[in-house]
Amino acid sequence: MSPEQRSPEQASPETAPPEKLIRMANQISTFFQHHPEAEAEIASHINAFWEKRMRRQILAHLAAGGAGLNERVRTALRQVKPG
Amino acid sequence: MGLIKETDFGTKLAAGAPVTLTIDGQSVTVPAGTSLMRAAALLGTQIPKLCATDSLDAFGSCRLCLVEIEGRPGTPASCTTPVAEGQVVHTQSERLAKLRKGVMELYISDHPLDCLTCAANGDCELQDMAGAVGLREVRYENGATHLNASKDDSNPYFQFDPAKCIVCSRCVRACAEVQGTFALTIAGAGFGSHVSPGMDEAFLSSECVSCGACVQACPTATLIEKSVIEQGQPEHSAVTTCAYCGVGCAFKAEMRGETLVRMVPYKDGQANHGHSCVKGRFAWGYATHKERITKPMIRAAITDPWREVSWAEAIGHTVAEFKRIQAKYGPESIGGITSSRCTNEETYLVQKLVRAGFGNNNVDTCARVCHSPTGYGLKLTLGTSAGTQDFDSVEQADVVLVIGANPTDGHPVFASRLKKRLREGAKLIVADPRRIDLVRSPHVEAAFHLPLRPGTNVALVNALAHVVVTETLYDEAFIRARCDWDEFSEWAEFVAQPRHSPEATETLTTVPAALVREAARLYATGGNGAIYYGLGVTEHSQGSTTVISIANLAMATGNVGRPGVGINPLRGQNNVQGSCDMGSFPHEFPGYRHVADDSTRAIFESAWGVALSNDPGLRIPNMLDAAIEGSFKGLYIQGEDIAQSDPDTHHITAGLSAMECVVVQDLFLNETASFAHVFLPGSTFLEKDGTFTNAERRIQRVRKVMTPRNGYQDWEITQMLANEMGYAMSYAHPSEIMDEIARTTPSFAGVSYALLEDKGSVQWPCNQAAPEGTPTMHVGGFVRGKGKFVITDYVATDEKTGPRFPLLLTTGRILSQYNVGAQTRRTENTVWHEEDLLEIHPVDAEDRGIRNGDWITLKSRAGETSLRAKITDRVSPGVVYTTFHHPLTQANVITTDYSDWATNCPEYKVTAVQVSHSNGPSEWQRRQREHGALSRRIETA
């Protein structure tokens, strides 16, 4: 069934793949790698710019093991607000 | 209301010491270097003239402006004679009258006497001068003439009729001095002298870029707008601001009734000083194009035909849908997109509707996909999200570094000013994968072209900084006074590492190290160094990093905080600066203040009378992700075409298709409208009042010159939606919206329509500290306090070439088309660009057996499309380039969802692709065309 034929009640149950958020979080981490308080900067950036659905999704991914997330991000996510 | 006529002082303004002289018995004091003609004009005395006009250097050829100077023999030309202390000048005498009459008689002897039927009747300087000198007869009847010369109608917008030409050279000089294209010359000699486009070619096939400077300069009907020929002379006019690029040219909209006759660049326009390009000057026909939609329409499903409805039904249906969606999926399931083509007041209202009416921060703007990294990078380093200079600043630049911008195509009026400065001796460094026109064009040649591999901007700028630091070319006094020295030291230690040297980075950038070293030395030591950059900087996975690295470089060399230097983002759309200023980003209120800032939120909660969210909303790509995920269901899009302009088309259309109510407010049924459920017809810039803010932070008026064909200005439509949502808005005029912006936004505190009326324009910050605005920012200190040096490590993009996709695609735009082409494709500008082409290097073409003009398939991991090839060595081997102006090509089906780390600005400029032979449009293109045709059907009653 094409998306345009889908009725409102049949909204896609598919959740956005975490790969995009994982890549984004790792990208942020790479930028702040030289910062003495990298983890705080990463968390601050995510809190400032990511909408809460995205924050919850990455936190849920971390809770599920956080595959693909680098260590700095894993540490930083402890300071990310779920919303 | 009549026609606005600027005074022509005949020659340019001078800036010397005061000189006092007497003209026709009146004393006048003017700067040394002023011409007698200009001094007389300042007294109100119009000395007859034909070859002189104050936008051009004095020429002294027409011999009509002769004067007498006591104690000096002869009758010198007043345009080329400078004033001198104590001079006594006479502009009128029996001898002068006789001389002028004789000159005019000769001119008229070779000019058709068809004034009554001439299109310039009433606006002809030759006619005026004949009257001024009292010409009553022409005695030369049987001599040779040019009256049978053929007209050149090749240009779609203006006619060249050499029979009416007096060979005053104003057109030739305007093309050279103002535009800098040098497309025109005077060919031949003596009686055979004539204006020649190129080598006696037709205008259309010559190098002419159709800027209109020659037409504006022509004192006769030789070069005249076809619209004037067809409609007659305009009878009233209003000054307004162009709705194309971020230069923000001021124009006189010259009218007959509510019909636009022509757009003439306004001499007092502080961004353009009377110049224009082909888009602003001529490409306004879209405003009345037959495809324009003027009635609201709705439909249940995007496969249904549209049904025209009343405004009340359209607004009611939209709001009912949005309320239904919010009730079912939550308050954060809807959002809005503001338009950088709309006014400040309109974008302010859309973000207000979203924050106060929808109750969330899900608002974003097209700056997301262009200059959002500029906002992030400059705010972080300097303290404010905007360029540092005005355009006039380029006149004091000694070295100009253009990186990732193509001003002659994207910002042509600024490019003309830049080229003028380069002809005066300033040096140019171009960092661009392509050999853009600025690298080498008539009378302009870059000192250095750094043809870097796409995606390596940070490596290149770090290498420039490496040279500055390791060769001690930095400005220590500036850094110690203006920046944090410890942060500088840390940064300097970083860029001094051998891995950032030009020699080490050459393997990444492919730019020879020696070139990088020489360019760095020139920028650091060549005097005032100014950086101008564009989307070639921002639209990368490291877009924000590059902006930061540029700020580092400018601060390190002391090139911030005075005229002639600075960091100048060349903004893409007319009001992209304004849409960002007005709080279009999901994390910021107007004035770039974060939604989590309690004091700022309190200001807006008090002004708007509602509680506001302190949590950032979704950005455009996040909205589409959330739509596919199933939590985002309704979107109000004012004046944007994300289905064509945004990257990874498949993803965009999947997101739109997953929504239950997409509302498009636009002039035409654009590509996004093919996925919409409500269409609200929008109004053009000619049909509305408001303001635009250009790339130099200049706020300028947009003035309504005709009734909106759709019935409402865009801000009125947003207001109707808000009221229907239950959030009351009752603005009677956009000036009231600006007053609210001034009350709530410190950098706009002093802005009002009254001030704009008085000053013409003003650059923010405009407040108590700067009541007349701020042409140059960070004078004496950075907005954030100390300038912040930030370490910028180069990180290669994840988008890699390989066996499947061995070439790198980079995208851009060309002079005659604008953005997604919705406007320019509906004008005669299509004669210059009928389709998007793929530029490919001869070596890459030969490897694939591709010939010029062949249909090729362009394929990436995101998608594929077909277009025709253009073989050129403007691109380096391994790099291909195309534009995204045409929906049939849909270049963004190729681009990926990779984006800038800080802002999610898409990585348009780097896509790994393969190019191969094709027989024509791809299967996807055929399906896309069929879908478009199906979805654009309008049900007839």
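This is a predicted model: local features need pLDDT of at least 70, side-chain atom pairs count only at pLDDT 80 or more; totals for chains, interfaces and linings use all residues.
Visitor: At what angle do helix 13 of chain B and helix 17 of chain B pack?

Guide: Two packed helices are described by the angle between their axes and the distance between the axes. Helix 13 covers residues 457–470 of chain B and helix 17 covers residues 513–525 of chain B, and their axes are 9 Å apart. The angle at which they pack is about 65°.

Visitor: How many charged residues are in the contact of helix 13 of chain B with helix 17 of chain B?

Guide: From helix 13 of chain B come B:Ala463, B:Leu464, B:Val467 and B:Val468, and the residues they meet in helix 17 of chain B include B:Arg517 and B:Arg521. By class, this contact has nine nonpolar residues and no polar ones. The number of charged residues is two.

Visitor: Which word describes how helix 10 of chain B and helix 19 of chain B lie to each other?

Guide: Helix 10 (residues 372–381) and helix 19 (residues 543–556) of chain B pack at an angle of about 40°, with their axes 8 Å apart. Angles under 35 degrees count as roughly parallel, and 65 to 115 as roughly perpendicular. Helix 10 of chain B and helix 19 of chain B are therefore oblique.

Visitor: Are the residues of strand 35 of chain B buried or exposed?

Guide: Strand 35 of chain B spans residues 879–883. On one side stand B:Val879, B:Tyr881 and B:Thr883, and on the other B:Val880 and B:Thr882. Both faces are covered, and five of the strand's five residues are buried.

Visitor: Which residue of strand 35 of chain B is the bridge partner of B:Leu809?

Guide: Strand 31 (residues 807–812) of chain B runs parallel to strand 35 of chain B, and five bridges join them. Strand 32 (residues 837–840) of chain B runs antiparallel to strand 35 of chain B, with two bridges. B:Ile840 has B:Val880 as its bridge partner. The bridge partner of B:Leu809 is likewise B:Val880.

Visitor: Which helix of chain B gives the largest share of the side that touches chain A?

Guide: In the contact between the chains, 29 residues of chain B meet 25 residues of chain A. The elements of chain B that give two or more residues to this side are helix 22 (620–629) and helix 24 (649–657). The largest share, five residues, comes from helix 22 of chain B.

How values were computed
Residues are numbered from 1 along each chain as its sequence is written. Chains are lettered from A and ligands numbered from 1 in the order in which they are written. Axes are lines fitted to C-alpha atoms, for helices over the stretch in contact, and angles run from 0 to 180 degrees between N-to-C directions. Helices (H or I, at least four residues) and strands (E, at least two) are DSSP runs, numbered from the N terminus. Angles under 35 degrees count as roughly parallel, over 145 as roughly antiparallel, 65 to 115 as roughly perpendicular and the rest as oblique. A residue is buried if 20 or more other C-beta atoms lie within 10 Å of its own, exposed if 12 or fewer, and partly exposed in between; C-beta atoms are placed from the backbone. Two strands pair if DSSP finds at least two bridges between them. Two residues are in contact if their C-beta atoms, placed from the backbone, lie within 7 Å. Ala, Val, Leu, Ile, Met, Phe, Trp, Tyr, Cys and Pro count as nonpolar, Asp, Glu, Lys and Arg as charged, and the others, Gly among them, as polar.
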